[in-house]
Amino acid sequence: MKEPNTPKACILGLCPRCGQGGLFDGYIKIKPRCPACDLDYAIFDAGDGPAVFGILIVGAIVAGLALYVEFTFSPPYWVHAVLWAPLIVVLSLGFLRLSKSTLLVLQYKHKAGEGRRL
Ligand SMILES: [Zn+2]
């Protein structure tokens, strides 16, 4: 079987083995199996990883922008609330799906799993 394009599978949320079937059943719920190659998605467990990456990366982006706007323009506080609250929601929701598919595809590619005795 041909190795799928990893960045494409991460961005589009495709099966890490065949690159054809989708990973998601809804927004971030993972399907039980790949509809194309029947890969069992139950082997994947990203845990809290996608949320942690989202918090750290979105937080860094928004905090940097907020500091830039504050020190450059010194707007009233309501401007910060109007700017950053929607941006946090949009970036968090967009980044969560991307980070979840990325972690699952990389788990498959690097055969990551529970610790095992040799
Ligand atoms: Zn597949």
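Start by selecting helix α2, residues 49–73; helices here are DSSP runs of H or I with at least four residues, numbered from the N terminus. At 1.5 Å a residue, its 25 residues should span 36 Å, and the end C-alpha atoms sit 35 Å apart, which agrees. The expected span is 1.5 Å times one less than the number of residues.

A word on what's loaded: this is a predicted model, where local features need pLDDT of at least 70, side-chain atom pairs count only at pLDDT 80 or more, and totals for chains, interfaces and linings use all residues. Residues are numbered from 1 along each chain as its sequence is written, and side-chain values use heavy atoms, with hydrogens and water left out.

Buried means under 20% relative accessible area, exposed means over 50%, and partly exposed is in between (1.4 Å probe, protein chains only). An α-helix has 3.6 residues a turn, so residues three or four places apart point the same way.

Now pick V52, F53, I55, L56, I57, I61 and L65, which make a nonpolar surface patch of about 620 Å². Patch members have over 30% relative accessible area and no salt bridge; nonpolar side chains (Val, Leu, Ile, Met, Phe, Trp, Tyr) are joined within 5 Å, like charges within 9 Å. The areas come from the Shrake-Rupley method with a 1.4 Å probe, and for residues only the protein chains shown count as cover. Click on L56: this α2 residue counts as exposed because its relative accessible area is 56%. Then step just past the end of α2 to S74, which takes a positive phi of about 45°.

**Over to α3**

The 33 residues of α3 should span 48 Å at 1.5 Å a residue; the end C-alpha atoms are 46 Å apart, which agrees. Its buried residues include V79, H80, W84, L104 and V105, and the buried residues of α3 pack against α1 and α2. Just after α3, have a look at K111, with a positive phi of about 50°.

**F24 in the loop**

Jump to F24, in the loop between α1 (6–12) and α2. Is F24 buried or exposed? F24 counts as buried, at 8% relative accessibility. Show its contacts, meaning heavy atoms within 4.5 Å: leaving out residues up to four places away in sequence, F24 touches G13, K29, I30, K31, R97, K100 and S101. Of these, K100 and S101 are among the buried residues of α3. For a distance check, F24 and L39 are 15 residues apart in sequence and 13 Å apart in space, C-alpha to C-alpha.

**Salt bridges and cysteines**

Next, show R33, which is partly exposed at 39% relative accessibility. R33 forms a salt bridge with D38, the closest N and O atoms being 2.9 Å apart; the term means a side-chain nitrogen of Lys or Arg within 4 Å of a carboxyl oxygen of Asp or Glu. R33 also meets D40 in a salt bridge, at 3.8 Å, N to O. A search of the whole structure finds two salt bridges.

Last stop: C34 and C37. C34 is buried at 2% relative accessibility, and C37 is buried at 16%. How many disulfides are there? With a cut-off of 2.5 Å between a pair of cysteine sulfur atoms, the count comes to zero.

Notes:
Helices (H or I, at least four residues) and strands (E, at least two) are DSSP runs, numbered from the N terminus.
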